[in-house]
Amino acid sequence: MSTYRPDEAWTALGDGTRRAIVERLAERPSSVGELAADLPVSRPAVSQHLKVLKDAGLVVDEAAGTRRIYRLNPAGVAALRDQLDAFWGRALTAFQQTVERPPEEES
Amino acid sequence: MTQAQSSVLHRQIVVDAPIERAFAVFTERFGDIKPPDHTLLAAPIAETVFEPRVGGHVYDRGVDGSECRWSRVLAYEPPHRVVFSWDINPQWQVETDPELTSEVEVRFIAEGPDRTRVELEHRNLDRHGPGWPVFSESIGGDGGWPLYLQRFADLLPDAA
């Protein structure tokens, strides 16, 4: 699974080419070939950088036909969603307790 | 598709109360039902006010008189529906840029005279981040990446 690892992410982003790759993926998901066409590095080099970024949890990939498309890891949004889901779960439970309490018991 | 699904969350609950009472309790007593450990003010909260009109705000008032407006009321249709913005960023601070806020819709559906289903949808969560789209030329400078990474890490509950 793609887990974000802060320490590895710091190391991964210490490299200028990898930062450039991340910035391009922020604009749009891309294949290795598309990234190599935009950057002054070879396809094998791009692949190697993507492996480092993927191991650090910064990017994820998926098959699209014969190609693999790389995109930024949406785990940040997912983590926020989990946090808010817990928030609303607790809020609705408290709501139920409040609304079902007989009115005369309300302070 | 994964991205779209992760940017919305749904919750619902069925309560033994008439729809009018369910709506009134949710809006008038939101301060009582909100988990108490989530607060935007330094001072303890004296009350949470849900202004019952479109264009109103939801705000917390601290015991020291400080106020924090953390939501705009976007729809107010008692006893059926209310929509309000979520102007709180992932660091649990007020977000002043509406483009970076999400919204919450709550619908109340009568299932009987004394039974109400409450459906909650919190949508557009992707507008809050994780901050990838806010890249700029400054990203390579001293503030860019460290700030960005901290923001991303803060989103994750188990990241130290």
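In what order do the three strands of the open sheet in chain A stand, and is the pairing parallel or antiparallel? I began with this question, working from a predicted model.

**Entry 1. The sheet of chain A**

I read the order of the open sheet as S1-S3-S2, with antiparallel pairing. Strand S1 (30-31) and strand S2 (59-64) of chain A each have a single partner strand, so each stands at an edge with one side lacking a neighbour in the sheet. I then looked up how S1(A) is held to strand S3 (residues 67-72) of chain A: two bridges join them, and the strands run antiparallel. Within S3(A), the residue opposite A:Ser31 is A:Ile69.

**Entry 2. Helices against that sheet**

I next recorded which helices lie on the sheet of chain A. Helix H2 (residues 16-27) of chain A packs on it and touches S1, S2 and S3 of chain A. The direction of H2 makes about 90 degrees with that of S3(A). Helix H4 (residues 43-55) of chain A lies across S2 and S3 of chain A, and it runs at about 120 degrees to S2(A).

**Entry 3. Chain A as a whole**

I noted five helices and three strands in chain A. Along the sequence they follow the pattern α-α-β-α-α-β-β-α. Of the 107 residues in chain A, 30% are buried. I also looked up the contacts in chain A with a separation of 6 or more: 53% of them join residues 24 or more positions apart.

**Entry 4. The sheet of chain B**

Strand S3 (residues 57-62) and strand S4 (residues 67-77) of chain B are antiparallel and share five bridges; B:Val58 stands opposite B:Ser71 in S4(B). These two strands form a hairpin with four residues between them, and B:Gly65 in the turn has a positive phi of about 95 degrees.

S4(B) continues to S5(B) through a hairpin of three residues, and four bridges pair these strands in the antiparallel sense. B:Tyr76 has B:Val82 of S5(B) opposite. Strand S5 (residues 81-86) and strand S6 (residues 102-112) of chain B pair antiparallel over six bridges, with B:Arg107 in S6(B) as the bridge partner of B:Arg81.

**Entry 5. Nonpolar cores**

Which residues touch the most other members of the largest nonpolar core? I found A:Phe95, A:Val99, B:Ala22 and B:Phe26, in a core of 26 residues. Two or more residues of this core come from each of these elements: helix H5 (75-100) of chain A, and S1, H2, helix H3 (30-33), S4, S5 and S6 of chain B. I looked up the contacts of A:Phe95, leaving out residues up to four places away in sequence, and noted B:Val25, B:Phe26 and B:Ile33.

Note on methods:
Residues are numbered from 1 along each chain as its sequence is written. Chains are lettered from A and ligands numbered from 1 in the order in which they are written. This is a predicted model: local features need pLDDT of at least 70, side-chain atom pairs count only at pLDDT 80 or more; totals for chains, interfaces and linings use all residues. A residue is buried if 20 or more other C-beta atoms lie within 10 Å of its own, exposed if 12 or fewer, and partly exposed in between; C-beta atoms are placed from the backbone. Two residues are in contact if their C-beta atoms, placed from the backbone, lie within 7 Å. Two strands pair if DSSP finds at least two bridges between them. Axes are lines fitted to C-alpha atoms, for helices over the stretch in contact, and angles run from 0 to 180 degrees between N-to-C directions. A nonpolar core is a set of buried Ala, Val, Leu, Ile, Met, Phe, Trp, Tyr and Cys residues joined through C-beta atoms within 7 Å.
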